[in-house]
Amino acid sequence: MAFPFTSSIPVFRITFDIPNEVLIFTDLIQTGYSSYGGTANFKGLVQITDPDGTIIYQGTGFSMTAPDFTTPDIDGSTLTWILNNIPASLTSAGLFTPGLYTFDYVCTMNNGTTFVCVQETYEFDYVSPTVTIDLSASCRTSELT
């Protein structure tokens, strides 16, 4: 039997929660896996690497060659589609580390007999806006820009 999906099928989103300095991983297909053999059979493991090459999160059993899906990060049988509160990589000053992050997602529909690996990169960079107030006034009108 052919494997039900390829590396183009699992789709995820990463959100950076600025005030809490955490990353949130969300599988976007979720119940859509039912067309590939049922959501209860879907399991996924996550690994996140920061711009310095340091693994800041790795699910238990994660491997690109021989993953163990015993304790998955994403589990269709429990409808766990979000991995919350992954601590972000911070600089020595306690600020979010900007740069190119790598997200690896290993997924299976048959408990690891066959699996796919999805790798995406994303450039996180936040520049705080600078506010400049220019006030001009005259006897007739005033303008604030």
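## Cysteines

A disulfide is a pair of cysteine sulfur atoms within 2.5 Å. By that cut-off, a search of this whole predicted model turns up zero disulfides. Take C107: the closest cysteine sulfur to its own belongs to C117 and sits 8.4 Å away, so the two are too far apart for a bond.

C107 is buried, with a relative accessible area of 0%, whereas C117 is partly exposed at 28%.

## Overall build

The fold is written in strands: ten of them, and zero helices. Read from the N terminus, the elements simply go β-β-β-β-β-β-β-β-β-β.

As for shape, a compact globule of 145 residues would have a radius of gyration near 15 Å, but this protein comes out at 21 Å. Its C-alpha atoms fill a box of roughly 80 × 35 × 25 Å along the principal axes.

## Packing and surface

Of the 145 residues, 39% are buried. Among contacts with a separation of 6 or more, 60% are between residues 24 or more positions apart.

## A look at D75

D75 belongs to strand β5, which covers residues 74–75, and is buried, with a relative accessible area of 12%. Its side chain makes a polar contact of 2.9 Å with the side chain of K43. Leaving aside residues up to four places away in sequence, D75 touches F42, K43 and T80.

Key: Residues numbered from 1 in each chain as written. Predicted model: local features only at pLDDT ≥ 70, side-chain atom pairs only at ≥ 80, totals over all residues. Heavy atoms only, no water. Buried < 20%, exposed > 50% of the residue type's maximum accessible area, 1.4 Å probe, protein only. Helix = DSSP H or I, 4+ residues; strand = E, 2+ residues; numbered from the N terminus. Polar contact = N/O pair within 3.5 Å; in protein donor to acceptor, adjacent residues only side chain to side chain. Contact = heavy atoms within 4.5 Å. Rg over C-alpha atoms; globule rule 2.2 N^0.38 Å.
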